[in-house]
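Take a look at the structure below, and then we can go through it topic by topic.

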Amino acid sequence: MTQTLDSPPPAVQNGPAQTWLADFEAALKARDVPRAAGMFATKSFWRDLVAFSWNITTVEDPAGVADLLSTTLERVDPSGFALEEPETTDAGVTTAWFTFETALGRGRGLLRLKVEDDRPKAWTFLTTLYELKGHEEPRGVRRPKGAEHGVNRDRVTWAEKRQAEAETLGLTEQPYAVIVGGGQGGIALGARLRQLGVPALVIDRYERPGDQWRGRYKSLCLHDPVWYDHLPYLKFPDNWPVFAPKDKIGDWLESYVKVMEVPYWSSTTATSASYSDEDGEWTVNVSRGGEEITLHPKQLIMATGMSGKPNIPDLPGMDIFEGEQHHSSKHPGPDAYEGKRCVVIGSNNSAFDICGALFEHGADVTMVQRSSTHIVKSDTLMDIGLGDLYSERAIASGMTTEKADLVFASLPYRIMHEFQIPLYEQMAERDADFYARLEKAGFQHDWGDDGSGLFMKYLRRGSGYYIDVGSAELVADGDVELAHGQVSHLTSSAVVLEDGTSLDADLVVYATGYGSMNGWAADLISQDVADRVGKCWGLGSSTTKDPGPWEGEQRNMWKPTQQDALWFHGGNLHQSRHYSLYLALQLKARFEGIETPVYNLAPVHHLS
């Protein structure tokens, strides 16, 4: 995957994958759906990112493949399936990268074959759209010239064009899309749409891009490594720290907005929004620096963060508590709490970070663990969990960020836990002494309902874990005290648990997590619309906090919802980078008037 977008794929050897792709293309060309579906294993998965479905969806087994093709084949008209690099075979599985075309665009995919009934059949099949024909991004050989050579008395400079856009977009000219939320997700999507020529406006309530990070507690750093966290187009430099401090990230996001020329309104709050089916557009009221402005975009994207609205408990006695209390999202840092009695309610990432920083600054800290938590040591996770895809080791082996993203995307959620379980078994063995000490201290630890660990917890529920960067040692050593149970009430000076335990407190931090993103839609649009689109995030795995039925993809994320022209974009930096491409292509197609019939629009099973 190292050639340019315009260069032909390299010559490769004949093999089972090349033969399979040729036979598959022949079946598709003949419109022989039963033949094509029969090339998939009895238990198999086809994950499509926009290329066939105008959706993000997974179908299973030959019957699912037949349904997808019966609905989409004629209009998609796929062709040109070709290996992009030599196929490989390991442990009976043949893996092959390939490219293909559709009637409207160009795609890339990953095929895994297993032998069934004495012939290779598809086990997993990933298809992704990366560009639309006639609407290619101005990259590589298509990059803009920049300078206008010659003499032109009507010359308009780059700075004059940018100034004119700033004075018109959202004021005298309506944006096609409004993105609510200017964090990493919003600006990644804004950059994608900018390159695709879609007039889009990112709005954010903070004064400067990056303030979403600058305003958090001062010890906050990314827990994911730098190789996992690049933004589209502009990667971190190779001397960037592995785990970036929050203020450094804030400055990077601000620089990114400027360098990538993302139209961005800071100090702007969306106050209400409504959609007109008749006009096919939104009315979005915003307050910008005290000025009330009404926008009329065709598309509205909520990029307010995967975590959604803070979950702030409503406990008896909160009104009489005489100390300080706040949600972890509003925690200012540890400086003011030296010698104070601090109770942190929660035992996930934020709770551990805050406990660690408070302890470092001389506070007396107690963590209240309400339910079991999965912990994995950062170094171990980086090595075993991510090292083959996102690390210097991966780069040295020829792995690119883009290729790593597709490897991740190629693993169907239905079976992803099967790949994760052995990795976490290795982690448990490597750090057995650490877990023994942690549990001896009374900490309730788990590996997920099925032993699949952190990443599946993240995908299924977005909570219930901590990447240990040191604070778990404080609990294991008893430096941070540990209490268990639900909170009953607060007194003027204490947190009281349901078993009657009373914890004296000068500060209470509610590290109690976040609700679904559709809570923001309820606030901005209406509860009816929030209920119409339903809960965001989760797979329907029927594991803890991820109720069924099985849905196969992240609920409502980066794809069409049950509310016309309303989209949700979020997740970690990796997801913001990768899935912003597919969301941008869906929006670009609509902007250009391309028909986008959605296959398998997800039904709503859960409201929040």
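The lining of the second largest cavity divides into seven nonpolar, three polar and two charged residues; here Ala, Val, Leu, Ile, Met, Phe, Trp, Tyr, Cys and Pro count as nonpolar, Asp, Glu, Lys and Arg as charged, and the others, Gly among them, as polar. Please keep in mind that this is a predicted model, in which local features need pLDDT of at least 70, side-chain atom pairs count only at pLDDT 80 or more, and totals for chains, interfaces and linings use all residues. Residues are numbered from 1 along each chain as its sequence is written, and side-chain values use heavy atoms, with hydrogens and water left out.

**Cavities**

- A cavity is a set of points, on a 1 Å grid over the protein atoms alone, where a 1.4 Å probe fits but cannot get out, and lining residues have an atom within 4 Å of a point.
- Grid points are joined across faces, edges and corners, and a volume is the space filled by probe spheres set on the points.
- The second largest cavity has a volume of about 80 Å³, and its lining includes Arg47, Asp405, Phe408, Tyr413, Met416, Phe455 and His574.
- At least two lining residues of that cavity come from each of helix 11 (401-410), helix 12 (413-430), helix 14 (453-460) and helix 18 (573-591), where helices (H or I, at least four residues) and strands (E, at least two) are DSSP runs numbered from the N terminus.
- Helix 18 gives the largest share of this lining, four residues.
- Of the 14 residues lining the largest cavity, Glu551, Arg555, Asn556, Ala602 and Pro603 lie nearest its centre.
- The lining of the largest cavity divides into four nonpolar, five polar and five charged residues.

**Strands and sheets**

- Strands of a sheet pair through backbone hydrogen bonds, either parallel or antiparallel.
- Five strands make an open sheet with parallel pairing, in the order 10-9-8-14-25; two strands pair if DSSP finds at least two bridges between them.
- Strand 10 (264-265) and strand 25 (566-568) are the edge strands, each pairing on one side only.
- Strand 8 (residues 177-180) and strand 9 (residues 200-203) run parallel and are joined by four bridges, with Ala177 opposite Ala200.
- Strand 1 (residues 40-49) pairs with strand 2 in the antiparallel sense over five bridges, and Phe45 stands opposite Glu60 in strand 2.
- Why is strand 2 (residues 56-60) largely enclosed by the rest of the structure? Five of its five residues are buried, where buried means under 20% relative accessible area, exposed over 50% and partly exposed in between (1.4 Å probe, protein chains only).
- Ile56, Thr58 and Glu60 lie on one side of strand 2 and Thr57 and Val59 on the other, and both faces are covered.
- Strand 18 and strand 19 run parallel and are joined by four bridges, with Lys377 opposite Asp468 in strand 19.
- From strand 19 (residues 465-468), Tyr465 and Ile467 point one way and Tyr466 and Asp468 the other, and all are buried.

**Loops and backbone**

- Most residues other than glycine have a negative phi, and most peptide bonds are trans.
- The peptide bond from Gly548 to Pro549 is cis, with omega near 10 degrees, and Pro549 is in the loop between helix 17 and strand 25.
- Glu261, in the loop between helix 7 (246-259) and strand 10, has a positive phi of about 55 degrees.
- Thr373 lies in the loop between strand 17 (364-369) and strand 18 (374-377) and is buried at 0% relative accessibility.
- The side chains of Thr373 and Ser347 make a polar contact (2.7 Å), meaning a pair of N or O atoms within 3.5 Å; within protein, one must be able to donate a hydrogen and the other to accept it, and residues adjacent in sequence count only if both atoms are side-chain atoms.

**Cysteines**

- The count of disulfides (a pair of cysteine sulfur atoms within 2.5 Å) comes to zero.
- The sulfur of Cys221 is 17 Å from the closest cysteine sulfur, in Cys355, too far for a bond.
- Cys221 is partly exposed, with a relative accessible area of 28%, whereas Cys536 is buried at 4%.

Terms used. 1 Å grid on protein atoms, 1.4 Å probe; cavity = no way out; pocket = protein on both sides within 12 Å on 5 of 7 lines; lining within 4 Å.
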